[in-house]
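Student: I have a model open and want to learn how to read it. Where do I begin?

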Amino acid sequence: MARKAYNAKGTKSAGPYSHAVDAGELVYLSGQTPMNSASDEIKTGDIGAQTQQCFDNLFAVLKEANLTPDDVVKVNVYLTDMGNFSAMNAVYEKQFSQPFPARTCVAVLALPLGAEVEIEMIAKRP
């Protein structure tokens, strides 16, 4: 079976991967950094602005797959500094309605292109 992949319009991958791959009932979204698709550069600013850009990127991919944030069942968040957890969380909680998706948040040494946050998701088709 060939993979069915989704890529957000007007963006490109920073490596050899798809933005999302359809696995039937589940759609796996690759991690998104705060890459601004208009400039192909990491969004500057505080962790709140970077977190919002990650979600903007992810939600554009969800839209391509005909899904919405309500279809997200699992989220993984990677932070280069756990001191940014509260500020990231303040933006995160505005992205979903309750009940919230399951989530993992871990600290990592570094992320591509100097990003301070990367977020990935799994969505389930209704």
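This is a predicted model: local features need pLDDT of at least 70, side-chain atom pairs count only at pLDDT 80 or more; totals for chains, interfaces and linings use all residues.

Student: Which residues touch the most other members of the largest nonpolar core?

Tutor: A core here is a set of buried nonpolar residues joined through side-chain atoms within 4.5 Å. The largest one has 26 residues. Leu-29, Leu-62, Val-75, Val-77, Phe-96, Ile-119 and Met-121 touch the most other members.

Student: Which elements give two or more residues to this core?

Tutor: They are β3 (26-32), α1 (47-64), β6 (72-79), α2 (85-92) and β8 (117-124). The most come from α1, which gives seven residues.

Student: What is Leu-62 in contact with, beyond its neighbours within four places in sequence?

Tutor: Its list holds Leu-29, Leu-67, Thr-68, Pro-69, Val-72, Met-121 and Ala-123. Leu-62 is also one of the buried residues of α1. Others there include Ile-47, Phe-55, Leu-58, Phe-59 and Val-61.

Student: How many Å should α1 span, and what does the model give?

Tutor: Take 1.5 Å times one less than the number of residues. With 18 residues, α1 should span 26 Å. Its end C-alpha atoms are 26 Å apart, so the two values agree.

Student: What is found at the start of α1, and what comes just after it?

Tutor: At the start, a side-chain oxygen of Asp-46 comes to within 3.2 Å of the backbone nitrogen of Gly-48. Just after the helix, Asn-66 has a positive phi of about 60 degrees.

Student: Now the strands. In which sense do β3 and β8 pair?

Tutor: Look for bridges; two strands pair if DSSP finds at least two between them. β3 and β8 are antiparallel, with five bridges.

Student: How many bridges join β6 to β8?

Tutor: Seven, and these strands run antiparallel. Val-77 stands opposite Ile-119 in β8. Both residues are on the list of those that touch the most other core members.

Student: Is Glu-41 buried or exposed?

Tutor: The cut-off for exposed is over 50% relative accessible area. Glu-41 has 52% relative accessibility, so it counts as exposed. Glu-41 lies in strand β5 (residues 41-42). Not counting residues up to four places away in sequence, Glu-41 touches Pro-34, Met-35 and Asn-36.

Student: How many Å separate the C-alpha atoms of Glu-41 and Gln-98?

Tutor: The separation is 33 Å, for residues 57 apart along the chain.

Notes. Residues are numbered from 1 along each chain as its sequence is written. Side-chain values use heavy atoms; hydrogens and water are left out. Buried means under 20% relative accessible area, exposed over 50%, partly exposed in between (1.4 Å probe, protein chains only). Helices (H or I, at least four residues) and strands (E, at least two) are DSSP runs, numbered from the N terminus. Contact means heavy atoms within 4.5 Å. A polar contact is a pair of N or O atoms within 3.5 Å; within protein, one must be able to donate a hydrogen and the other to accept it, and residues adjacent in sequence count only if both atoms are side-chain atoms.
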